[in-house]
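Here are my notes on this structure for someone coming to it new. Please read them with the model open.

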Amino acid sequence: MLVPEFQTSPGMRDILPPESARWRRFVEVFAQVSEAAGYGQVISPLLEDLGVFQRIGDATDVVTKEMYDFVDKGGRHIALRPELTASVCRAFVQHRPLTPWKVWYTGSQFRYEKPQRGRYRQFDQVGIEVLGADDPYLDVEIMALGWQFFRALGLSQVTLLLNSLGEPADRARYVHALQAYFEANLSSLSEASKVTLQKNPLRVLDSKRPEDAPLIAAAPRIAEFYSPLAAAHFEAVQAGLTALGIPFTIDPKLVRGLDYYRHTTFEYTGGTLESAQNALGGGGRYDGLVESLGGPSTPGVGFALGLDRTLIACDDEGVFAPPVTDVDVFVVDTTGGLQALQITDQLRAAGISADRAFENRSMKSQMKVADRSGAAWAVIVGSNELEAGEVVVRPMRTGDAHDSTQSGQTTILRTDLLEYLQKAMS
Ligand code: AMP
């Protein structure tokens, strides 16, 4: 095949049917889980002032290297959103809703990353955020909702990793200790991690390079630095998860890069994906983001799940197949097509899904398309039927799509068609 002149840019994809129906269903399931818990949907713009995302902090690649930004025709410095937490906080400051503000969201994010399986430049997430409540049981509630969502998809091999970063002061003392520790062992650190160390010592713990592993394993643990308040919050979170029967694994290395995280951080990992791409999603509690966007000091907690990676995990576990979108009825009309136009319109208006062929093809060719459509019934109109005011109804899902014996087919009055089909479908 000739290579077309235009194709999707690197890291961008077309999501075609039937996969697109699966995407939509994914979001519907997430909406059901969230809305059943009192969360309302927030729909944010794809573009924000660059400054909104810069507030996330300058220690993350998402902000420093991967942003799609440009100056618009009005001279504003704009960015395509790389995530949604900052947009949600910006919206909170702008609209000042009552707290706790519980919202869910879905949509595309943009990051200029190196594309690979499970890592794209445009990718979709679903997520939730709650602003204005500092309660460890809220941390548990959102983790439980994520857990319920995975269950609703049918996933059973998801692991919940949990950690606490403590209070900001605890974290600062920890970062200090970590920096001293890595600096004392600088020669054993990979070159890349040496660079990370200068920017954000916590991020060195994220390194997946084998040469860093022994040093990271023996590094000081955040738990040694918790204040009583932080320790109590973390204990309450664990007790809440246990009370709900949600298994979790404490991972002291789970620090997540963003500067504004405090207390709870967590990640859901898939059981089947390669480790570099096995994070299905994650989140935690954050402070200071609303304030840095001009609002009052407001605690926040939330998470985002990657749609792509979660669907890869579904494929690997053999669950959450694309929904069947076959029509109920396929209308075959060999009299020119006007009958098919009217019948499909009538059926659709009555809530029966219906499709038809175009271009006045032969009976044989239209029946082939009817077979392919997956319809349960073919409704056939030839010139005899037209003259007699009748239609032929033929059941199609007889097991053998190529069965041309016309078994079980029946001729009925055209005026009885709707009632006949409604009865047959119930
Ligand atoms: P983050 O906002 O970085 O915490 O990412 C949350 C989740 O979004 C990850 O666990 C992934 O499932 C997904 N994700 C992040 N970046 C990408 C990407 N470039 N391509 C596909 N999914 C991504």
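1. Arg-121 lies over the face of Tyr-112, at 3.8 Å from the ring centre. The charged end of Arg-13 sits over the ring of Tyr-120, 3.5 Å from its centre. A charge counts as over a ring if NZ of Lys or CZ of Arg is within 6 Å of the ring centre and within 35 degrees of the ring normal.

2. On the source: this is a predicted model, in which local features need pLDDT of at least 70 and side-chain atom pairs pLDDT 80 or more, while totals for chains, interfaces and linings use all residues. Residues are numbered from 1 along each chain as its sequence is written, and side-chain values use heavy atoms, with hydrogens and water left out.

3. The largest nonpolar core has 62 residues, of which Ile-142, Phe-149, Phe-182 and Tyr-268 touch the most other members. Such a core is a set of buried Ala, Val, Leu, Ile, Met, Phe, Trp, Tyr and Cys residues joined through side-chain atoms within 4.5 Å; buried means under 20% relative accessible area, with a 1.4 Å probe and protein chains only. Helix H5 (residues 136-153) gives this core its largest share, 10 residues. Apart from it lies another core, of 25 residues, including Phe-92 and Tyr-286.

4. Of the 18 residues in H5, 13 are buried. At its start, a side-chain oxygen of Asp-135 reaches to within 2.7 Å of the backbone nitrogen of Tyr-137. After H5 comes Gly-154, whose phi is positive, near 105 degrees.

5. The structure holds 18 aromatic pairs. Rings of Phe, Tyr and Trp (its six-membered ring) pair if their centres lie within 6.5 Å; planes under 30 degrees apart are stacked, over 60 edge-to-face and the rest tilted. Phe-30 and Phe-303 form an edge-to-face pair, 6.3 Å centre to centre with 90 degrees between the planes. Phe-30 is in helix H1 (residues 19-35) and Phe-303 in strand S11 (residues 300-306), 273 residues apart. Both are buried.

6. Why is the pair of Tyr-174 and Phe-225 tilted? Its ring centres are 5.4 Å apart and its planes are at 55 degrees, so it falls in that class. Tyr-174 counts as buried at 1% relative accessibility, and Phe-225 is buried at 15%.

7. Ring pairs also link a cluster, among its members Phe-26, Trp-104, Phe-266 and Phe-320.

Notes. Buried < 20%, exposed > 50% of the residue type's maximum accessible area, 1.4 Å probe, protein only. Helix = DSSP H or I, 4+ residues; strand = E, 2+ residues; numbered from the N terminus. Polar contact = N/O pair within 3.5 Å; in protein donor to acceptor, adjacent residues only side chain to side chain.
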